[in-house]
Amino acid sequence: MISTSWGAPAAFTKGFNLQHVSDGLYGRHLHVYNWPGGELRQTLDLGDSGLLPLEIRFLHDPSKDTGFVGSALTSNMIRFFKTKDGSWGHEVSISVKPLKVQNWILPEMPGLITDFLISLDDRFLYFVNWLHGDIRQYNIEDVNNPVLTGQVWVGGLIQKGSPVVAVGEDGQTWQTDVPEVQGKKLRGGPQMIQLSLDGKRLYVTNSLFSTWDKQFYPELVEKGAHMLQIDVDSEKGGLKVNPNFFVDFGAEPDGPSLAHEMRYPGGDCTSDIWI
């Protein structure tokens, strides 16, 4: 069993404060345990490239000793693997560069990878950038060389109409085009995702943690979360927002509500393995 050390409740329950990172209240380690038994065998220091390691997934194939972890703050997907001597190593597999921005709390904005998953056939890896606002699909058939095969924008802080703008290398400012779905403007940024067993339907909600929601996306708390369906090309790769699917949790009887985790009744790509 491998666990992450993303942060101390004394820090993250109060909202994000960059000083807490310097104070050591957020992690950068993976801990490897014997399971069952619970004996700590190894600690992996991910360094400055692995700050706030959050979600962690093994490949579904139980014969493969490899997996990935998303470091939220530094926005890197890090691959971990068993070495020839039986210990565990790691390397940065995918990096999301921070955006230079204007009208925000910092001069640069990380993507903030908060969730990811791997398709049941281990061909594709999907992750979200909660602040930037995009969902990405990578082909990982060669786990050493992930290839971007799909990307779609479904929210974020730099969408058109936001006061925040990104600044390109040429000094020009830009914002992203985010579609409306069933006449509704998309709120917040993509956060939790879940994939059908056949790999063709990816669902996404947009609430991370109410304190953080209030800090970065106050409108999300006021109006509630929503759930979208992303149609997936599971053969060649590709992502597209389904225009006919929109679940508005702001319209709940006791709402507005903040939607987070999702599960398929018959199994999904974060609850099943194959043998």
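**Close-up views of a predicted model**

**View 1. An open sheet of 4 strands has the order β9-β8-β14-β15, with antiparallel pairing.** At its edges stand β9 (108–109) and β15 (173–174); each has a single partner strand, so one side of each is left without a neighbour in the sheet. Further in, β8 and strand β14 (residues 165–167) run antiparallel and are joined by 2 bridges. Look for Gln102, whose bridge partner in β14 is Val165. Strands here are DSSP runs (E, at least two residues), helices are runs of H or I with at least four residues, and both are numbered from the N terminus. Two strands count as paired if DSSP finds at least two bridges between them. Strands of a sheet pair through backbone hydrogen bonds, either parallel or antiparallel.

A note on reading these views: this is a predicted model, in which local features need pLDDT of at least 70, side-chain atom pairs count only at pLDDT 80 or more, and totals for chains, interfaces and linings use all residues. Residues are numbered from 1 along each chain as its sequence is written, and side-chain values use heavy atoms, with hydrogens and water left out.

**View 2. Strand β18 (residues 226–232) pairs with β17 and β19.** The strand is mostly covered, with 6 of its 7 residues buried; buried means under 20% relative accessible area, exposed means over 50%, and partly exposed lies in between (1.4 Å probe, protein chains only). Strand β17 (residues 201–204) runs antiparallel to β18 and is joined to it by 4 bridges. Which residue of β18 is the bridge partner of Leu202? The partner is Ile230, and Ile230 also stands opposite Val241 in β19. Another bridge links Val204 to Leu228 in β18. Strand β19 (residues 239–248) is joined to β18 by 6 bridges, again antiparallel.

**View 3. Two hairpins each have a glycine with a positive phi in the turn.** β18 and β19 form a hairpin with 6 residues between them, and Gly237 in the turn has a phi of about 100°. The hairpin of β16 and β17 has 5 residues between its strands, and here Gly199 has a phi of about 75°. Strand β16 (residues 193–195) is antiparallel to β17, with 3 bridges joining them.

**View 4. The largest nonpolar core has 33 residues.** Such a core is a set of buried Ala, Val, Leu, Ile, Met, Phe, Trp, Tyr and Cys residues joined through side-chain atoms within 4.5 Å. Leu52, Leu131 and Trp212 have the most contacts inside this core. Two or more residues each come from α1 (9–12), β8 (99–102) and α3 (210–216). A second, separate core of 22 residues includes Tyr126, Val128, Leu195 and Leu202. Back at Leu131, and leaving aside neighbours within four places in sequence, its contacts (heavy atoms within 4.5 Å) include Trp104, Met109, Phe216 and Tyr217.

**View 5. Leu148 lies in strand β13 (residues 147–153).** Is Leu148 buried or partly exposed? Leu148 is partly exposed, with a relative accessible area of 41%. Not counting residues up to four places away in sequence, Leu148 touches Arg136, Gln137 and Tyr138. Ile94 is 54 residues from Leu148 in sequence, and their C-alpha atoms are 9.5 Å apart in space.
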